[in-house]
Amino acid sequence: MEKLIQAEDISAMGNVFGEYDENIKLIENEFNVNVVTRESKIKISGDNEESISEAQKVIEGLFRLAKRGETVNKQNVSYFISLAKEGNEALFDEIGRDCVCITAKGKPIKPKTFGQKEYIKSIRENSITFGVGPAGTGKTYLAVAMAVTALRNKQVNRIVITRPAVEAGEKLGFLPGDLQNKVDPYLRPLYDALFDMLGTETYQRYVEKNVIEVAPLAYMRGRTLDDSFIILDEAQNTTREQMKMFLTRMGFHSKIVVTGDITQIDLPSDKKSGLKDAIMVLRDIEDIKIHILTYK
């Protein structure tokens with residue numbers, strides 16, 4: 001059994017097939033098919049008609065992705081394969097359409113999965129969004145991208161990003177420097193995301209003008225933040241009291257995004273995670289969205 005695909009754009013073949021045909025080899029292995037090209041024709045053959053059909057849908061979807069100017073990589077291919085196996089190939093064309101932010105180097109930041117696209121939608125439509133999921137799902141990076149876009153569009157006047165400084169084997173009091181120096185290593189991933197999107201010079205200028213603030217959670221107590229985009233990262237390591245304190249910092253015309261991974265809690269065993277508690281208490285409240293992120 002076999003099927004033929006007529007490639008409309010031969011120049012896109014290199015992008016779709018990948019270096020040394022690594023993308024096509026991945027498709028062949030996953031669907032147990034053989035893919036052969038001759039000029040603009042692609043022949044897919046195998047013993048299972050359903051597998052051949054799914055492989056065809058993946059390859060055609062990747063050509064459409066390449067036509068939109070996207071670089072096809074192994075992550076895209078693996079994601080398209082998983083969608084095809086679930087019968088969700090209709091979602092192929094949702095990927096790479098929504099540009100969230102442009103980095104300092106001119107690179108567009110776009111959701112790479114349908115879950116990320118829905119996460120972005122949740123942030124846009126709600127005052128408070130919880131992005132909960134494992135490392136690598138883009139929950140913090142996309143939240144920072146949304147914050148930078150809101151600042152550029154003058155929807156907010158400043159960005160405040162915070163995370164709890166949970167001690168991992170080393171007491172903060174024994175580390176050199178003042179409190180800011182002690183907690184800087186905990187905040188480094190947030191700095192990296194901001195540098196990527198704004199560039200070092202623009203970031204430093206915004207910090208000097210107090211337009212951007214990256215600080216430990218302890219600095220949030222007693223404040224009310226109006227016209228701000230506020231991000232709490234690593235929220236699984238907040239206590240109930242800290243989470244309540246943070247959420248009540250929200251002022252007028254502000255937006256909050258809380259990110260965390262409830263499988264990576266570093267709190268003492270006698271402390272309950274404020275993130276887990278907040279998810280249970282706030283899940284049915286209007287204008288608050290709990291979004292569970294996966295790799296899909």
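**Close-up views of helix packing, cores and loops**

**View 1. Helix H3 and helix H4 (residues 74–85) pack at an angle of about 135°, and their axes are 9 Å apart.** H3 is therefore oblique to H4 (angles under 35 degrees count as roughly parallel, over 145 as roughly antiparallel, 65 to 115 as roughly perpendicular and the rest as oblique). Axes are lines fitted to C-alpha atoms, for helices over the stretch in contact, with angles from 0 to 180 degrees between N-to-C directions. The model is a predicted one, in which local features need pLDDT of at least 70 and side-chain atom pairs count only at pLDDT 80 or more, while totals for chains, interfaces and linings use all residues. Residues are numbered from 1 along each chain as its sequence is written, and side-chain values use heavy atoms, with hydrogens and water left out. The crossing of H3 and H4 is right-handed (the near helix is turned clockwise from the far one by less than a right angle; anticlockwise is left-handed). On the H3 side, the contact is made by Glu54, Val58, Gly61, Leu62 and Leu65; on the H4 side, by Asn76, Val77, Phe80, Ile81, Ala84 and Lys85. Contact means heavy atoms within 4.5 Å. The H3–H4 contact has seven nonpolar, two polar and two charged residues (Ala, Val, Leu, Ile, Met, Phe, Trp, Tyr, Cys and Pro are nonpolar, Asp, Glu, Lys and Arg charged, and the others, Gly among them, polar).

**View 2. Helix H2 (residues 22–31) packs against helix H3 (residues 49–67) at an angle of about 155°.** The axes of H2 and H3 are 10 Å apart. The two helices are therefore roughly antiparallel to each other, and the crossing of H2 and H3 is right-handed. From H2, the residues Ile24, Ile27 and Phe31 meet H3 at Ser51, Glu54, Ala55, Val58, Ile59 and Leu62. This contact of H2 with H3 has seven nonpolar residues, one polar and one charged.

**View 3. Helix H9 (residues 240–247) and helix H10 (residues 274–282) cross at roughly 60°.** Their axes come within 8 Å. H9 and H10 are therefore oblique to each other, and the crossing of H9 and H10 is right-handed. H9 contributes Arg240, Met243 and Leu247, and H10 contributes Gly274, Leu275, Asp277, Ala278 and Leu282. By class, the contact of H9 with H10 divides into five nonpolar, one polar and two charged residues.

**View 4. The largest nonpolar core has 33 residues.** A nonpolar core is a set of buried Ala, Val, Leu, Ile, Met, Phe, Trp, Tyr and Cys residues joined through side-chain atoms within 4.5 Å. Leu194, Val214 and Phe229 have the most contacts inside this core. At least two residues of the core come from each of helix H5 (114–125), helix H6 (139–152), strand S7 (158–163), helix H7 (179–198), strand S8 (212–216) and strand S9 (228–232). H6 supplies the largest share, nine residues. Leaving aside neighbours within four places in sequence, Phe229 is in contact with Ile123, Ala143, Met146, Ala147, Ala150, Val156, Arg158, Ile159, Val160, Lys255 and Val257. Apart from this core lies another, of 31 residues, including Ala55, Val77, Tyr79 and Leu83.

**View 5. Thr239 lies in the loop between S9 and H9.** Thr239 counts as buried because its relative accessibility is 13% (buried means under 20% relative accessible area, exposed over 50%, partly exposed in between, with a 1.4 Å probe and protein chains only). Not counting residues up to four places away in sequence, Thr239 touches Leu267, Lys271, Lys272 and Gly274.

**View 6. Arg68 is placed in the loop between H3 and H4.** With a relative accessibility of 25%, Arg68 counts as partly exposed. Leaving aside neighbours within four places in sequence, Arg68 is in contact with Phe92, Asp93, Ile95 and Arg97. Arg68 and Arg97 are 29 residues apart in sequence, with 8.3 Å between their C-alpha atoms.

**View 7. Thr224 is placed in the loop between S8 and S9.** Thr224 counts as exposed, at 52% relative accessibility. Beyond neighbours within four places in sequence, Thr224 is in contact with Arg249 and Gly251. The C-alpha atoms of Thr224 and Pro185 are separated by 26 Å, and the two residues are 39 apart along the chain.

**View 8. The protein chain has 10 helices and 11 strands.** Helices (H or I, at least four residues) and strands (E, at least two) are DSSP runs, numbered from the N terminus. Of the 296 residues in the protein chain, 50% are buried.
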